[in-house]
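Here are my notes on the model you sent over. Have it open while you read, and go point by point.

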2 protein chains.
Amino acid sequence: MTEPSARPTRAQQRHRTEERILAAARQIFAELGYDRTTIRAVASAAGVDAGLVMHYFGSKDLLFARAVEVPADELPGGTSGEVAEALLTSLGRRLTSEPAASLAVLRSMLTNADAADRYRAAAEPQLNQITEAIPTPDADLRASLLSAIVHGVIAERYLLRLTHLADASPEQIIDLLRPCFQSLTTPPSK
Amino acid sequence: MTEPSARPTRAQQRHRTEERILAAARQIFAELGYDRTTIRAVASAAGVDAGLVMHYFGSKDLLFARAVEVPADELPGGTSGEVAEALLTSLGRRLTSEPAASLAVLRSMLTNADAADRYRAAAEPQLNQITEAIPTPDADLRASLLSAIVHGVIAERYLLRLTHLADASPEQIIDLLRPCFQSLTTPPSK
DNA sequence: TCGTTCAATCAACAAGCGTTGAATGAGAGG
DNA sequence: CCTCTCATTCAACGCTTGTTGATTGAACGA
């Protein structure tokens, strides 16, 4: 008979503390980027000692890796038009909720090689999916442009906080971008 | 009679050294971003002592400010179609030559508040120019999206080096983006 | 020519960083 | 109850960083 809110077992305690550290790490990495985030700051935000963070995660790099690992959301393939619409709804999801983990990657991407690799790794299957759906020889370039647009919009909305982009509703942004995505996924009509 | 290649005067010598430091700073800031760039690395790349960099520029922040100050290139106003085309040629210019100064800003933007302000300050007049040319109530959002696209493409080409984007010719990229820019600068036709 | 200026170097500081190893003290297991 | 485990803390290390002040020596002005 395990009482519901009894004293936690050791394994539970460890797991809770790890999660608390990871949550703090995600938030601070997202706010400050990799370089400016210190292990001491993460530890103090999680209410533990810096040594404990090292003891649990091994190094700052490994902590970053654990903090930002996230299941890449699936992007179903299909015709070019379907992929365009799927990309738009995926963008809409990322414009509605604000996942600290992917913001941490996005902010650290330009200065941390590991974050850049992680970004590429997360982007690659999506890029391939898009590429296959576009029936033109320059499909890979078109897919890369789509990716650049998505991440440019997210970066300027959440990280740079350009006012007009930060205030707009996701639907408004998506509606404005729909013709762009359609023209990039569709071969020249003539 | 000032011989052409005589021993340089003191003022000349100082100016040359300052320029050498600034060039090194631009390159290293562009490669590594603000945080990872050290004054010692800049000094050594310029072939001088780190103390001299401080003596000339006062602080790392001021050095960064001097290194990335750049005359904002003019963007002539006009009809919405003209602005779209002007934006495209401006993008083409930035995809052809590779100005280290603006890459330094771009790379440091997400982690250095000064770089972010600088980016905003450089983008604002262009944004206004674009906004005025678009005859819709959501003109400012459209302008912000155009800016996000431009910088997203540049970032993924030069900083992240996504292969398909890095290899493509500027003309190819511009041709693919033209419909996007036209749809964003033009009110819904129906 | 003499004193001043100033470009340039050198050595050092204080602070902050990631990281380590020993110490503590409370749970787990027999 | 005794022992082992392990979550957690603490103090310290070696290093790098931005920044400073003294110092040198050559160009400059009178």
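1. What covers the buried residues of α6(B)? The cover includes α1, α4 (60-68), α7 (113-133) and α8 of chain B. Helix α6 itself spans residues 100-108 of chain B and is mostly covered, with seven of its nine residues buried. Those buried residues are B:Ala101, B:Leu103, B:Ala104, B:Val105, B:Leu106, B:Arg107 and B:Ser108. Buried here means under 20% relative accessible area, exposed means over 50%, and partly exposed is in between, with a 1.4 Å probe and protein chains only.

2. Some ground rules before going on. This is a predicted model, in which local features need pLDDT of at least 70 and side-chain atom pairs count only at pLDDT 80 or more, while totals for chains, interfaces and linings use all residues; side-chain values use heavy atoms, with hydrogens and water left out. Residues are numbered from 1 along each chain as its sequence is written, and chains are lettered from A and ligands numbered from 1 in the order in which they are written.

3. Chain A has 10 helices and zero strands, so called from DSSP runs numbered from the N terminus (helices: H or I, at least four residues; strands: E, at least two). Its C-alpha atoms fill a box of roughly 70 × 45 × 30 Å along the principal axes. Of the 190 residues of chain A, 47% count as buried. Take the contacts in chain A between residues at least 6 apart in sequence: 69% of them join residues at least 24 apart. A contact means heavy atoms within 4.5 Å.

4. How are the two protein copies related? A rotation of 180 degrees, with 0.0 Å of shift along its axis, superposes chain A on chain B with an RMSD of 0.1 Å. The two copies are thus related as by a two-fold rotation axis. The same surface serves both copies, as 100% of the contact residues of chain A recur in chain B. The superposition is by least squares on the C-alpha atoms of residues with pLDDT of at least 70 in both copies.

5. The largest nonpolar core has 129 residues. A:Leu177, A:Phe181, B:Leu177 and B:Phe181 have the most contacts inside it. Such a core is a set of buried Ala, Val, Leu, Ile, Met, Phe, Trp, Tyr and Cys residues joined through side-chain atoms within 4.5 Å. Leaving out residues up to four places away in sequence, B:Leu177 touches A:Leu145 and A:Ile149 from chain A, plus B:Leu88, B:Leu91, B:Ile149 and B:Val153 from chain B.

6. Not counting residues up to four places away in sequence, B:Ser147 touches A:Glu156, A:Leu162, B:Tyr119 and B:Leu127. For contrast, look at A:Gln27: this residue is found in helix α1 of chain A and is partly exposed, at 47% relative accessible area.

7. Now DNA strand C. Sugar and phosphate account for 57% of the atoms of DNA strand C that come within 4 Å of the protein; a residue is near a strand if one of its heavy atoms lies within 4 Å of it. α1(B) gives the most to this surface, with four residues. By class, the surface has five nonpolar, seven polar and eight charged residues. (Ala, Val, Leu, Ile, Met, Phe, Trp, Tyr, Cys and Pro count as nonpolar, Asp, Glu, Lys and Arg as charged, and the others, Gly among them, as polar.)

8. B:Asp49 uses a backbone N or O atom, 2.9 Å from a phosphate oxygen of DNA strand C.

9. DNA strand D has 21 residues around it, and A:Arg10, A:Tyr56, B:Thr9, B:Thr38 and B:Arg40 come nearest. Sugar and phosphate make up 53% of the atoms of DNA strand D within 4 Å of the protein. A polar side-chain atom of A:Tyr56 lies 2.7 Å from a phosphate oxygen of DNA strand D, and a polar backbone atom of B:Ile39 is 3.1 Å from one. α1 (10-36) and α3 (50-57) of chain A, together with α2 (39-46) of chain B, are the elements that give two or more residues to this surface.

Notes: Polar contact = N/O pair within 3.5 Å; in protein donor to acceptor, adjacent residues only side chain to side chain.
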